[in-house]
Amino acid sequence: MEKVALLKCEDYNVKLIEKKLREGFELLGGNSFLRELIPYNSKVLLKPNMLSIEQAGSPVITNFNVFEAVIRIIKDYSTDISFGDSPGFGDSNKAAERSGLLQVGKKYNVKFEDFKESVHVKLDKSILCKSWTVAKAPYESDVLITLPKLKTHAMAYYTGAIKNQFGCIPGTLKATWHTRMPNANNFCKMLLDLNTLVNTNFAILDGIVAMEGNGPKSGKPKKINTLIMGKSLTAVDSVATKIIGYDNPLDIPVLKEAYDHNWGEVFVKNIEILGEKIQDMLVKDFELCRKGGNFYFISPGVTNFLRDLIAPDPVLIEEKCIACARCLNVCPEKPKVIKIIEKEGKKYPVWNMKQCIRCFCCQELCPCGAIETKYSTLGKMLKMNKR
Ligand code: SF4
Ligand code: SF4
């Protein structure tokens, strides 16, 4: 049975987080567990979530104090620790500096990898994707510990331990995956393959302050005092999604794919939860950005038809838009779905929804939170409103 440690941590105080994480490792097997996870002389890579260039403490990214607490524990097991990520937009060095992670890394001699150097590799035992260009650092690490942030996500409903490794795809190459995998089921198969490829060994999920609503960048911070850690990425994500209000893990596209391909345990009843009791950690009023449903899990032809009919659309909140055109730049479709037009002396983006694949890169990377996702009336009727 897969095990996760579920911990209550009410503050971003680094000593408190360290204490909680040490308790978590103790529950999972203590020193011998850690020694097995991090063999002697292994090269460890920490993979926080650095979605974009964000201020230290932002709920969009992994908190720097969680990062520091992890380093304080694992430095006794490895002298070769580095960290890295490739944000969806903007320079990774700037993102590392602004987030506070770079300063913490320097304090402990933990080198920053900007994920700009890549390797071309094959994955023979894949669900879907055999040929890859990935960042060299995670691919060549011996132990990959992912440090995701618990957030809502417009396309994937939720982002956590599995989705966090999308940052191992260097820079703008991420956009090409959205074009190649325009529906959620294939995109999630790709995410599972990517985790197999980089061999993600362990996850420590930062949900002390999570993100609800219009995630993964423009939602609202929600304090839920939660840390979840474990070797099984599906188990960590299943417990997290249950806590925020998804009763059925098969409503989460990536967990549905994991279940269909026997990639990992997704049912909470089959996961041994150590530490806190899950019923004591449930958040009743967490604002989910999508509430589940299965319209993505049908044949691709029908999916495309139904996508236009019932899938949510990116919608502009005009008063928040500063006409920076980042949404236009990040849209992976060719020709671009978005055009910037001028109306009454002000510039706005407009969408050609016939071409839109609903990857929500525009929503994810808008610096002003000016794009939200909205269901059509039919979409609302057919959904998915299980809570
Ligand atoms: S919607 Fe966002 S990304 Fe697009 S132009 Fe407006 S502010 Fe910029
Ligand atoms: S308009 Fe937005 S959601 Fe549509 S394809 Fe472009 S980036 Fe993706």
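Author: Residues are numbered from 1 along each chain as its sequence is written, and chains are lettered from A and ligands numbered from 1 in the order in which they are written. As this is a predicted model, local features need pLDDT of at least 70 and side-chain atom pairs count only at pLDDT 80 or more, while totals for chains, interfaces and linings use all residues.

Reader: Why is H8 called roughly perpendicular to H10?

Author: Helix H8 (residues 184–198) and helix H10 (residues 253–260) have axes that come within 8 Å and cross at roughly 70 degrees. Angles of 65 to 115 degrees count as roughly perpendicular, under 35 as roughly parallel, over 145 as roughly antiparallel and the rest as oblique, so H8 is roughly perpendicular to H10. Axes are lines fitted to C-alpha atoms, for helices over the stretch in contact, and angles run from 0 to 180 degrees between N-to-C directions. Helices (H or I, at least four residues) and strands (E, at least two) are DSSP runs, numbered from the N terminus.

Reader: Which residues make the contact of H8 with H10?

Author: On H8 they are Ala184, Asn185, Cys188, Lys189, Leu191 and Leu192, and on H10 they are Pro253, Val254, Glu257 and Ala258. By class, this contact has 7 nonpolar, 1 polar and 2 charged residues.

Reader: What makes H1 and H3 oblique to each other?

Author: The axes of helix H1 (residues 14–28) and helix H3 (residues 64–74) come within 8 Å and cross at roughly 50 degrees. H1 and H3 are therefore oblique to each other. The residues of H1 that meet H3 include Val14, Ile17 and Phe25, and those of H3 include Asn65, Val66 and Ile73. The contact of H1 with H3 divides into 8 nonpolar, 1 polar and 4 charged residues.

Reader: Which residues come nearest to ligand 1?

Author: Of the 13 residues around ligand 1, they are Cys321, Cys324, Arg326, Cys327 and Cys366; a residue is near a molecule if its C-beta atom, placed from the backbone, lies within 6 Å of it. The shell around ligand 1 has 12 nonpolar, no polar and 1 charged residues. Around ligand 2, Cys331, Val337, Cys356, Cys359 and Cys362 come nearest of 13 residues, and that shell has 11 nonpolar, no polar and 2 charged residues.

Reader: Where is Pro216 found?

Author: Pro216 is in the loop between strand S10 (200–212) and strand S11 (220–230). The peptide bond from Gly215 to Pro216 is cis, with omega near 10 degrees.

Conventions. Nonpolar A, V, L, I, M, F, W, Y, C, P; charged D, E, K, R; others polar. Contact = placed C-beta atoms within 7 Å.
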